[in-house]
Amino acid sequence: MDELNLLADADARGRRYTEGNATRRVFPSAEAIAALAAFDEQLPAQGRPAEDTLALLDRAGSPATTASNGPRYFGFVIGAALPAAAAAERMMLAWDQCASTFDNSPVAATLERLAGRWVVDALDLPRESAVGFGTSATACTLAALAAARRTLLARQGWDFDQQGLIGAPEIKVIISELAHITVKKALRVLGFGLGRLIEAPVDAHGRVDPAHLPPLDERTILCLQAGEVNTGEFDPFAQIMPLARAANAWVHVDGAFGLWARASSLAGLADGVEQADSWTTDAHKWLNTPYDCAMTICRDAQALAAAMNCDAVYSTASADAQKNLTLEFSRRARGIPVWAALRTLGRGGVAALVERHHTQAQRIGEALAAAKFEVLNRVALNQVLFRCATDDETHALRIAVQASGEAWFGATIWQGRPALRISVSSWRTRDEDVEALLQLLLRLGPSACG
Ligand SMILES: *Cc1c(COP(=O)(O)O)cnc(C)c1O
């Protein structure tokens, strides 16, 4: 098969897969998982035909996918892929651009610069900010925190690039007691030491409590969050930011999904977040671009460009070249699906997406409360946190839902006890899908929930 026929075959298979999105089991069956054994081959000595490889991938692979790109996936905060973003991604695969610099790809550099401007505009963050596109909120948080530390040390007269950390003034890090695990990972990898992190206590909603905020100073990085992963709650930026500004601390905000509330009528939830120094957000969650796509946003563009600089004698570029804003040197143009999503949705479409998910989550919360489940959050955003009367029942309900293949959501621990976490973040989730989820929970709930 020649290249064009092979790609046409892949397109046709992809189209069939997408057609099945609404009806496919949300988590694959045990048989489909067992059939993954078809991949269990030795590395062939002689290459196999490409069409054979593609056929195997589709035959054994497609049935073992999680239908997170479908309408009834409520796990984590996964989102689906908007058609415009998925289509742009396919175009990009054909281009196969390296998006490091303008010299490598004029179109990638142009569109990522534009997408970055649109993102800070949509999120109403300081327009002078640098925007680096990366693989994940994890990687983007790591880049932002590296820039934060380097900058705070420079203000102390310490040249981090040359001297590293040995003998450096200590930079103190304060994180929310409920900071996302990936923020802790970034801090650990950067050498901050989990045992040295200072935890800021949270209130009953899971927000950092300003009354108990540990003292801040000019050697402090404070990590706050816009969208706590269980409750979807926001730290009270309007109260905390003036304290941080007065102390000259650096504030980084993990807004992996929640920051998108800024693009909607729910923006008030994140009032004051624009006063922070850096932010992380994902496009692959609530903006519904394909995996993997996230952003580091840094108010002091130069601080990020200096921390992430990757100029070499054979590859110099402007400070705002993407290779000088993220961890990667070579990567595909992740900003292009972001541009396509934003151009297709427009401001109104982003707002409508966020607001619809909020309304759907509220509907779920109210229906579950009416059915005597214990709803644990006030559904400020798109997350619903709930449990049954006993931990055993909570566990049994999750297992039953996941096994049904009709919907999927995961477990968590909230205030020391198991809980269940429903996230509404897929553009495909219609009100009928929400009602189907509720029917499923009411059907399984009475037996599971006693
Ligand atoms: C998902 C998530 C992250 C990590 O994002 P990745 O893109 O998966 O690395 C960080 N913080 C919060 C609040 C999240 O929901």
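Analyst: A nonpolar core is a set of buried Ala, Val, Leu, Ile, Met, Phe, Trp, Tyr and Cys residues joined through side-chain atoms within 4.5 Å, where buried means under 20% relative accessible area (1.4 Å probe, protein chains only). The model is predicted, so local features need pLDDT of at least 70 and side-chain atom pairs pLDDT 80 or more, while totals for chains, interfaces and linings use all residues. Residues are numbered from 1 along each chain as its sequence is written, and side-chain values use heavy atoms, without hydrogens and water.

The largest nonpolar core comprises 50 residues, and Phe 237, Trp 260, Met 295, Ile 297 and Val 338 have the most contacts inside it. Among the elements supplying at least two residues each are helix H5 (106-122), strand S7 (294-298) and helix H11 (335-370); helices (H or I, at least four residues) and strands (E, at least two) are DSSP runs, numbered from the N terminus. Beyond its neighbours within four places in sequence, Phe 237 is in contact with residues including Leu 224, Val 253 and Val 273, contact being heavy atoms within 4.5 Å. A second, separate core of 30 residues includes Ala 130 and Leu 145.

Around the ligand stand 13 residues, each with a heavy atom within 4 Å of it. Ala 137, Thr 138, Asp 254, Asp 282 and Lys 285 are the closest. A ligand oxygen atom lies 2.9 Å from a side-chain N or O atom of Asp 282, and a ligand nitrogen atom lies 3.5 Å from one of His 180. Taken alone the ligand exposes 390 Å², of which the protein buries 87% (Shrake-Rupley method, 1.4 Å probe).

Conventions
A polar contact is a pair of N or O atoms within 3.5 Å; within protein, one must be able to donate a hydrogen and the other to accept it, and residues adjacent in sequence count only if both atoms are side-chain atoms.
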